[in-house]
Amino acid sequence: MLEIRWHSRAGQGAATGAKGLADVISTTGKHVQAFAFYGSAKRGAAMTAYNRVDDAVIMNHEKYMEPDFVFVIDPALVYTSDVTINHKDNTKYIITTHLSKEDLIKAQPKLEGKEIYTVDCITIANETIGRPIPNTPMLGAFMKVSEMYDIEFFKESMKRILGKLPQKIVDANMIAIQRAYDEVK
Amino acid sequence: MAFDKMELKDIEVWDGNFAAAQALRQCQIDVVAAYPITPSTPIVEGYAKFLADNYIEGEFVMVESEHAAMSGCIGAAAAGGRVATATSSQGFALMVETLYQASGMRLPIVLNVVNRALAAPLNVNGDHSDMYLGRDSGWIQFDAFSPQGAYDLNFIAFRVCEDHGIRLPCMVHQDGFMTSHTAQGVETLSDDVAYNFVGDYKPMNDMLDFEHPVTHGVQTEEDWHFEHKARQHNDLMTKVFPKIEEVFADFEKLTGRKYNLVEEYDMKDADVAVVCMGTSVETAREVATEMRAKGIKAGVVGIRVIRPFPFMQIAQALKDIKAVATLDRSAPGGTVGMLFNEIAGSMYNLEKRPMLCGKIYGLGGRDLTKAHLVELYTELQANVDAGKITTPLQQFIGVRGPKLSFL
């Protein structure tokens, strides 16, 4: 079982990103689950979304999760949310930030000793898609860190999932995914 | 046909709401009268979009309340249409008066109920309070444990409730958010296969059949009311299970997916078992398997059909079990949980009765974790080892503050 927790703000596309990732993985024969905590959330409120991936049908519906990966797609959430909650020793973090890894850990000492990857999904999204929607770049970074799929396969899959959007937006997302794949450290 | 068909992948990643909306599209519902409410909104929203995009020949009626939504469904069903809608929580509560009208008038409406807590305090998350509120209304009630179930049970519901021997309305329940907003793989049917399974709707006593005028919604006082209600109850108790089992069998032949009135998991040689509904059934199955690896013979009974209640089938499933816990996801309001009550009744005439205790859990969407279930099975095994119930009969799982227990 592979488990992922997303930290996001409502409106940044974590729930959509989690569902998109699940959709891609499902086409390769694995079983998936994607969900989010909503409440009476407002745009901008901190929220979490989740993915489970397994070879067998996923029967576990508990919301509690000790994630293998934590995605932080808004740079401020490492300070205002506990992104390390329910972590395991080998939990990997992919964090959206403009800071270097060292400066990030200095700013948030809880991240000391964790396996951390950084990528500036917000800047990438702004420069490619033209809006700060950091969900698809995060998935590009995840492909690099996890080596889950070949990036070309992943982009082709995402083209299908984003298919109903205007071609310009789809193309921009492809660039965003590739840039995050190339830039994650 | 004048509408478009949709190409689906064999497995689509859908949440429970979208799975239900797709099923309504494939069943070609004539009329949906709806007043959307969280978390069921995407079901009727999905139907409306499919309709606007020409995937359905039908009509979406926007109304001013859930009471009006079900009233509109009743009118459309009495006129002779295939009718469905969806609701949750307060919306369901406002429908209650009309639920009894629908069943009393023998109208085969399908209502998707995305289970949600009832206020106060206001809460949009999933528990079974609304489902329990409908249980005396004379409707058939199916319970889905996953998005796949929400999809499949809609087809099954139409086949069952539209049968001329049944003609009773039917609810398809799914857990708010835990199913309705959780995307999982759903094995799909093609549009033609799905529609052929349900078949063309053949109305009975429809008001638009002007050659055979009928009256719906009549008044009967003590001269006839009891006979109407008794015959309605008789049909629920004697005709519905055979029909459901027939449709379950047909569905298995078509899809390979097998549904049962009572879903038994590892019950054959179990010492301890939990009885529950919704997504909790699947989580409990995973934990039961893990308990067996630790030497505790654990099983799970999931209730697929809540009304009519599978009284004898439950007794059969539990007859050799030593200790049973019922899991009720609804505040029992001054008594034991509904499942505790029903299960106690079903087991009372068994030769050797299992020890029975009741748990209230998950209100307002509070998480039922695997750790909770491990603790519960361990407690049931402790009862078995002690030869008696070692705890109060009613306890709460997962509530903060001082431990609450009663009886």
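Domain bounds here come from an automatic or database domain assignment, and on that basis chain B is divided into domain 1 (11–255) and domain 2 (263–406), whose centres, taken over C-alpha atoms, are separated by 29 Å. This is a predicted model, in which local features need pLDDT of at least 70 and side-chain atom pairs count only at pLDDT 80 or more, whereas totals for chains, interfaces and linings use all residues. Residues are numbered from 1 along each chain as its sequence is written, while chains are lettered from A and ligands numbered from 1 in the order in which they are written.

**The two chains**

- Chain A comes to seven helices and six strands, where helices (H or I, at least four residues) and strands (E, at least two) are DSSP runs numbered from the N terminus; from the N terminus on, its elements run β-α-β-β-β-α-β-α-β-α-α-α-α.
- The radius of gyration of chain A is 15 Å, close to the 16 Å that the globule rule gives for 185 residues, so chain A is as compact as a globular protein of that length; this radius is taken over C-alpha atoms, and the rule is 2.2 Å times the number of residues to the power 0.38.
- The C-alpha trace of chain A spans about 40 × 40 × 35 Å along its principal axes, and buried residues make up 43% of its 185 residues, a residue being buried if 20 or more other C-beta atoms lie within 10 Å of its own, exposed if 12 or fewer, and partly exposed in between, with C-beta atoms placed from the backbone.
- Chain B has 13 helices and 16 strands, and with a radius of gyration of 21 Å, close to the 22 Å that the globule rule gives for 407 residues, chain B is as compact as a globular protein of that length.
- Along its principal axes the C-alpha trace of chain B spans about 70 × 55 × 45 Å, and 54% of the 407 residues of chain B count as buried.
- Among contacts with a separation of 6 or more, residues 24 or more positions apart account for 62% in chain A and for 79% in chain B; two residues are in contact if their C-beta atoms, placed from the backbone, lie within 7 Å.

**Between the domains of chain B**

- The contact between the domains takes 26 residues from domain 1 of chain B and 20 residues from domain 2 of chain B.
- On the side of domain 1 of chain B that touches domain 2 of chain B, the elements giving two or more residues are α5 (129–133), β6 (140–143), α8 (225–238) and α9 (240–255) of chain B, and the largest share, four residues, comes from β6(B).
- The residues of that side of domain 1 of chain B divide into 13 nonpolar, nine polar and four charged, where Ala, Val, Leu, Ile, Met, Phe, Trp, Tyr, Cys and Pro count as nonpolar, Asp, Glu, Lys and Arg as charged, and the others, Gly among them, as polar.

**Between chains A and B**

- In the contact between the chains, 19 residues of chain A meet 19 residues of chain B.
- On the side of chain A that touches chain B, α1 and β2 (31–36) of chain A each supply at least two residues, and β2(A) gives the most, with six residues.
- The residues of this side of chain A divide into nine nonpolar, six polar and four charged.
- Two bridges join β2(A) to strand β8 (residues 183–187) of chain B, the strands running antiparallel, with pairing defined as at least two bridges found by DSSP between two strands; A:Gln33 stands opposite B:Gln184 in β8(B).
- A:Lys19, placed in helix α1 (residues 14–26) of chain A, is buried, with 24 other C-beta atoms within 10 Å; leaving aside neighbours within four places in sequence, A:Lys19 is in contact with A:Ala34, B:Val13 and B:Ala183.

- Helix α12 (residues 338–347) of chain B is mostly covered, seven of its 10 residues being buried, among them B:Phe340 and B:Glu342; what covers the buried residues of α12(B) includes α5, β10 (272–276) and α11 (311–318) of chain B.
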